[in-house]
Amino acid sequence: MNSSGTQSRSYDMSKRASSAAETGRRILQATLDLFMEGPLANVTLAAVAERAGVTVQTVIRRFGDRTALINATAEYSAANVASQRDAAPAGDVPAAVGNLLEHYETTAALALKLLSEEDASPVVARITEGGRQYHRQWCARVFAPFLEELHGADRDRRLAQFVALCDVYTWKLLRLDAGLSRDQVCISLLEMLEPFTRSP
């Protein structure tokens, strides 16, 4: 067997796979960008294809119909969120708040846009519900040391407080509506969380 020929074919296959992955990423990003610029109704296969620099047939071949494309984009975005927020350590409140602020500084606009459209779109409503579930799970994990001695309604209430204090709307009220700097938002969140996370 010609080893150089085998290596060449392997290289070509790897190059094609890399190119296909990049095309897929470009299509997903184009879908996300179009959604940020207008209502979900404007995110058509034709508009996505034009923005991504591919044909409609390429979009369909890669992702299927419009609903499948939107679902794939939501999964793509959720995976990016999880990879960043999952790095937050449990029990380290300053580190958790820093992780949260890094997330909101870069993706809050998307979260707020989704929330603004959830009542008008079942597709968006499913996405935002998934986001709420993830945020609740994140709070339960990050603040686990401060929940472990609580049970029943007491634990449910405390977890709900953590969820509310760390919610994107709380960030919006402090950062956008009140105009606080990122550092001041960090201090504010730490101050609000302190009664629930202070050492005994």
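Helix H4 contributes the most to the lining of the largest pocket, with twelve residues. The model is predicted: local features need pLDDT of at least 70, side-chain atom pairs count only at pLDDT 80 or more, and totals for chains, interfaces and linings use all residues. Residues are numbered from 1 along each chain as its sequence is written, and side-chain values use heavy atoms, without hydrogens and water.

**Largest pocket**
- The volume of the largest pocket is about 1000 Å³, taken as the space filled by probe spheres set on grid points joined across faces, edges and corners.
- A pocket is an open set of points on a 1 Å grid over the protein atoms alone, where a 1.4 Å probe fits, with protein on both sides within 12 Å along at least five of seven lines; lining residues have an atom within 4 Å of a point.
- Its lining has 43 residues, with Ser77, Val81, Ala111, Leu114 and Gly131 nearest the centre.
- At least two lining residues come from each of H1 (3-37), H4 (66-85), H5 (93-117), H6 (122-142) and H8 (168-177); helices are DSSP runs (H or I, at least four residues), numbered from the N terminus.
- The lining comprises 22 nonpolar, 15 polar and six charged residues.

**Buried charged residues**
- Arg85, in helix H4, is buried and has no salt bridge; Asp86, the nearest side chain of opposite charge, is 7.1 Å away.
- Buried means under 20% relative accessible area with a 1.4 Å probe, protein chains only; a salt bridge needs a side-chain nitrogen of Lys or Arg within 4 Å of a carboxyl oxygen of Asp or Glu.
- Glu117 lies in helix H5 and is buried, because its relative accessible area is 13%.

Note on methods
Ala, Val, Leu, Ile, Met, Phe, Trp, Tyr, Cys and Pro count as nonpolar, Asp, Glu, Lys and Arg as charged, and the others, Gly among them, as polar. Buried means under 20% relative accessible area, exposed over 50%, partly exposed in between (1.4 Å probe, protein chains only). Lys and Arg count as positive and Asp and Glu as negative; His and the chain ends are not counted.
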